[in-house]
Structure formats: structure tokens, C-alpha cells
Amino acid sequence: MRTRLWFASAAVAAVICVFGLAFASVTVGSAAPALVVPELDGQTFDLSAQRGKVVIVNFWATWCPPCRKEMPALDAFYRRYHGNGLEMIGVSADRPHDRSDVIKVMQSLSYPAAMLDDAKVNDFGPPNELPVTFVVDSAGVLRAEFTPDQTPVTEKSLTDAVLPLLPQTSATHASLKPGALQ
């Protein structure tokens, strides 16, 4: 009995260490972890190939109400600033057999998506909560992390975190008014 308890404790500690190490590397101000994943349309998304652009990486799931709630704001922001050097990928944590549900949700959105289980490289590790959204600057550095309990994705939080990173004229930045994302 004592041996079984020790092994169970060791297993739990190992899981905590592995996940802790995976997320320790995902810190604002550090280099973005590698992410290579096939998109639902068959193209490959490689975060390192996006240098020179600002990238939003959103981990979500179809069964997650907070995820679904923030998706319209993400989509509107992507549509508005995609032409200004913004890229985005929505990475679904749904199980592979729920792929059709993911495709159905993404049909109404304009940004690309992928399935987490399909990732060739995912140094972000598995998300410890959903949704979680990262902003990566044009040099490949993590500049923001959004979670519902800390800083939720909203028009304002996206504007504050992303717009200063995009190449633009000061007139464009000054003309953005709250409520402009429709």
C-alpha cells in the first residue's frame, strides 16, 4: 500500500513538473514557443515563419462558453487589421473526432484555425485553461497573454496590446475609437 501511494505521488509530481516546465517557457517578454500545425484548409501554420508580422494565437474549444464568447471580437479585430500586418491562428483543443464541430464553428469566422492534436510542434504545451490567447510581436516575442480570469479578450484589450505593435501611422492609431470594431 505504501509503495503504491509513493508511486501515485511521484506520478502526480512528475505531471506537475512536466506541465510546469512547459508553461514556464510561455512567459510574456520571452521568445514565443514554436508552433507548427496544419490548418483546417490544409495549409501549414508555422509561427516562426510569421516574423515581421504580429500574430495572435488563440487556444479554444467548441464546448467552452468563454471561448465562443470572445471569438466575434477576435474575428472582427483580425478582419480589421489583417491587412496591416496582423496574422492569427485559432487552435482548437477539441478531440479529433469533434473536427466537424470545429469546422462548423469556423465557417462563420475569417481567421484560420487548426486542431491542437494535429500539431507537428507545440512548444506552448497543452493549455492549462481555455481560452488562452497570446500576442506575439514581429520579432517573435510574446507581448501579451489573455485569459478570462486575468485579462479577457475584448476590443479594448486587443487594441491596447496589438495596435502599438502594428506598423501604422499615428493618424490611424489616433482615429481608432471604442466601439469601432463591428
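Valine 55 has valine 136 as its bridge partner in S7. That pairing belongs to a run of five bridges joining S3 and strand S7 (residues 132–136) in the antiparallel sense. Keep in mind that this is a predicted model.

**Strand S3 and its partners**

- On its other pairing, S3 runs parallel to S4, with seven bridges between them.
- S3 is mostly covered, with seven of its seven residues buried.
- In a regular strand, side chains alternate between the two faces of the sheet.
- For S3, both faces are covered: Val54, Ile56, Asn58 and Trp60 are buried on one side, and Val55, Val57 and Phe59 are buried on the other.

**Salt bridges**

- The model has five salt bridges in total, and three of them are described here.
- Lysine 53 pairs with glutamate 87, with 3.4 Å between the closest N and O atoms.
- This pair ties together distant parts of the chain, 34 residues apart: lysine 53 is in the loop between strand S2 (44–46) and strand S3 (54–60), while glutamate 87 is in strand S4 (residues 86–92).
- Lysine 53 counts as partly exposed because its relative accessibility is 34%, whereas glutamate 87, at 14%, counts as buried.
- Arginine 143 and aspartate 137 form another salt bridge, at 2.7 Å from N to O.
- Arginine 143 is partly exposed, at 41% relative accessibility, while aspartate 137 is buried, with a relative accessible area of 9%.
- Lysine 156 and aspartate 160 also meet in a salt bridge, at 2.6 Å from N to O.
- Both of these residues belong to helix H4 (residues 155–162), where they are four residues apart, or about one turn of the helix.
- Lysine 156 is exposed, with a relative accessible area of 55%, and aspartate 160 is partly exposed, at 46%.

**Aspartate 137**

- You'll find aspartate 137 in the loop between S7 and strand S8 (142–146).
- Aspartate 137 counts as buried because its relative accessibility is 9%, which falls under the 20% cut-off.
- Besides its salt bridge to arginine 143, the side chain of aspartate 137 has a polar atom 2.9 Å from the backbone nitrogen of alanine 139.
- Leaving aside residues up to four places away in sequence, aspartate 137 touches Lys53, Val54, Arg143 and Leu165.

**Asparagine 122**

- Asparagine 122 is in strand S6 (residues 121–122).
- Asparagine 122 is partly exposed, with a relative accessibility of 22%.
- The side chain of asparagine 122 has a polar atom 3.1 Å from the backbone nitrogen of phenylalanine 124, and one 3.3 Å from the backbone oxygen of glycine 125.
- Proline 33 is 89 residues away from asparagine 122 along the chain, yet their C-alpha atoms are separated by 7.5 Å.
- Not counting residues up to four places away in sequence, asparagine 122 touches Ala34, Leu35, Phe59 and Leu116.

Definitions and conventions:
Residues numbered from 1 in each chain as written. Predicted model: local features only at pLDDT ≥ 70, side-chain atom pairs only at ≥ 80, totals over all residues. Heavy atoms only, no water. Salt bridge = Lys/Arg side-chain N within 4 Å of Asp/Glu carboxyl O. Helix = DSSP H or I, 4+ residues; strand = E, 2+ residues; numbered from the N terminus. Buried < 20%, exposed > 50% of the residue type's maximum accessible area, 1.4 Å probe, protein only. Pairing = 2+ DSSP bridges. Polar contact = N/O pair within 3.5 Å; in protein donor to acceptor, adjacent residues only side chain to side chain. Contact = heavy atoms within 4.5 Å.
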